[in-house]
Amino acid sequence: MGKRIIVAGAGHGGLSAAYNLAKKGYDVTVYEKHKEKDLGYGWGDFFDMKAFSAAGLPLPPKGVVDRIPIAYYAPDVTIPPLYEPDQTGFEMFMQRKDIYKYLIKHCRSAGVKFVFDTPVLSALILGDRVCGIKTGDGDVYGDLVIDACGYDSPVRLSLPDYFGTEKLYDKEADCLYVYRGIYERDSKKDDGAQYKVFLEFDENESVGMRWLITYDDHVDFLIGKLYDFGEETINEKLKDLQSRYPQIGDKLISGGQVNKIPIRQSPAIFVGNGYAGVGDTACMTMPVMGSGIATSLRAGALLAKTVMADDEERFNAETLWKYEVAYMKNIGFGLGSISIVKALIPVLNTDDVNFLFGSGVLRDEDMTFSSEDGSVGALISGVKISTLLERVKKASANMELVKKISNAGINIIKYKSLTASFPTRYSRQSVKKWAEKYNDLFGR
Ligand SMILES: Cc1cc2nc3c(=O)[nH]c(=O)nc-3n(C[C@H](O)[C@H](O)[C@H](O)COP(=O)(O)OP(=O)(O)OC[C@H]3O[C@@H](n4cnc5c(N)ncnc54)[C@H](O)[C@@H]3O)c2cc1C
C-alpha cells in the first residue's frame, strides 16, 4: 500500500475516490488549480442524497429537502406544461461551496493531502503508462492518476492514442453551455410552478432551454445552449423572461458566468495503464439536464473499490477495467440510453416539440430528465406496450416526426444489443473491438 495516488482536480468523483482510498491507508494527494476558498459556484444544486452513503459518507446535517417538481414548457408556452413525476424524499439541496467544504473536510480527516492553487498541465507518460502529472509547480510522479479535472481535462487531452480514450468532446450536442445567475427577487407575484423549464429554439432552429426557479427572496435563472454565447444573449434572454415573470429582479446576487456541462454518453474507454477518469471528464452526467454530482460521487466510490481489490497494485488497463465495468453496468449504460434519445434533439424543430407536448405523445411520467439515477433508462424500458401503442397512434398524425423518432427507436435496439456484448473481462482486443462498435453507434 506504499503506492502513491494522484488525484488531478478536486472534482466530486475524485474527492469521493480520494476519501475512500485514504481511509484505507493509501497515500493520496489532490492537485487543484483553484485556491481552496474559490472552489465551487455561487449557487445551490439538487442531487440524489443516496450518493453520499454510496460514497461511504454520512449525510450532511443540513440540506435534505424535497425536490421542487419541474414544469416543462413547450416552445409554444400556451400549451399546458408537463410536470415531472413526484420525486419527494429523493433529492437534497446544497450550496455548491458547501458540498466542496463537506467533501474536503472528510477527505482531510481520512488523511488526503491537498495542493491548491496548482494547475495540472498534462499527464506524464512513460512507455505505455501514465506515471504522473505535469503541474505548474513541476512534475509529480505517482502509481495511479485519477483524472477529476472535468470537461476540458488536460490530463485526458494529453493521453497517448494507444489508450483508445476519446479525447475531444466536440460533436454537436456533446456539451451544454450554461449561464446561471441568482438574482434578487422583486416582490411581484407568480402563481405558476415554482420551477419552470422552457424548451426553446433559436431563429436557426438550434434547441436550448431556460429555467426559472422562484424562491421567497431570490430567483435562480439559467440559460442552456448547444453553443457558446455572450453578454448580449444573456441580457436579451433575461429581459425577455422578466417581461413575462416580473419577479425576476435586475440585481445579480451570485453566479453569473457561462460554464460547460457534458450532455453525452461516457466515452467507450476511460481507463488505461496508470489512469482512470471520473466525473465530467468521463461524461458521467445525465445527458439532457447535465446533472452529475451524484453519479460522480458514486463512480468515485466504485473506482476506490476497484483500486483496493487490485492486490498486486498494478493499476493498469486490465485491473482498472473492472471499475469501468462496474460504472457502466450500474449507471453509465442507463444514462447512455438517454443519450440516444437526446440524439433526436438536433433533428427536431419547434413544431415537432409543440406537437409532442400538445398531442399527448409525451406525458408527465416521461419528464424524468433531471434524475441522474441509473434508473432513468426506465424512460425507455418502463413504458407499457398498451400506452406505447396509444402514443404511436397519436404520433401517426405527424408522419415526418414518426420517421425521426423511429430512427432513435432503431438505435435503442442496437444499443441494447451492444450493451449486452460489453466485455466484462479485459482483453485489449475485445475492448478495442467493442469500443469501435460503440463509437460507431454514436457517430464517433
Ligand atoms: C451551471 C451548472 C449547474 C449544474 N447543476 C447541477 C445540479 O443541479 N445537479 C447536479 O448533479 N449537477 C449539476 N451540474 C453538473 C455538475 O457540476 C458536474 O456534473 C459535477 O460537478 C461533476 O463534475 P466534476 O466534479 O467531475 O468536474 P468539475 O465540477 O468541472 O470539477 C473539476 C475540478 O477540477 C479542477 N480543475 C480543472 N482543470 C484543472 C487543472 N488543469 N488543474 C487542476 N485542477 C483543475 C476544477 O477547478 C474543479 O475543481 C451543474 C453544472 C453547471 C455548470
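**View 1. Two domains of the predicted model.** The chain divides into domain 1 (4-63 + 94-170 + 265-332) and domain 2 (175-262). Their C-alpha centres lie 30 Å apart. Where they meet, nine residues of domain 1 are in contact with ten residues of domain 2. The side of domain 1 that touches domain 2 comprises five nonpolar, three polar and one charged residues.

**View 2. The ligand lies between domain 1 and domain 2.** Both domains give residues to the shell around the ligand, so it sits between them. The shell holds 33 residues; Gly9, Gly11, Gly150, Gly279 and Gly292 come nearest. Five elements each supply two or more residues to the shell: helices H1 (12-23) and H6 (293-309), and strands E3 (44-48), E12 (175-185) and E16 (248-262). By class, the shell has 14 nonpolar, 13 polar and six charged residues.

**View 3. Packing of helix H11 against helix H12.** H11 spans residues 399-420 and H12 spans residues 428-441. Two packed helices are described by the angle between their axes and the distance between the axes. Here the angle is about 165°, and the axes are 11 Å apart. An angle over 145 degrees counts as roughly antiparallel, and H11 and H12 are therefore roughly antiparallel to each other. Their crossing is left-handed.

**View 4. Residues at the contact of H11 with H12.** H11 contributes Asn411, Lys414, Tyr415 and Leu418. H12 contributes Lys437, Tyr438 and Leu441. By class, this contact has four nonpolar, one polar and two charged residues.

Notes:
Residues are numbered from 1 along each chain as its sequence is written. This is a predicted model: local features need pLDDT of at least 70, side-chain atom pairs count only at pLDDT 80 or more; totals for chains, interfaces and linings use all residues. A residue is near a molecule or strand if its C-beta atom, placed from the backbone, lies within 6 Å of it. Helices (H or I, at least four residues) and strands (E, at least two) are DSSP runs, numbered from the N terminus. Ala, Val, Leu, Ile, Met, Phe, Trp, Tyr, Cys and Pro count as nonpolar, Asp, Glu, Lys and Arg as charged, and the others, Gly among them, as polar. Domain bounds come from an automatic or database domain assignment. Two residues are in contact if their C-beta atoms, placed from the backbone, lie within 7 Å. Axes are lines fitted to C-alpha atoms, for helices over the stretch in contact, and angles run from 0 to 180 degrees between N-to-C directions. Angles under 35 degrees count as roughly parallel, over 145 as roughly antiparallel, 65 to 115 as roughly perpendicular and the rest as oblique. A crossing is left-handed if the near helix is turned anticlockwise from the far one by less than a right angle, and right-handed if clockwise.
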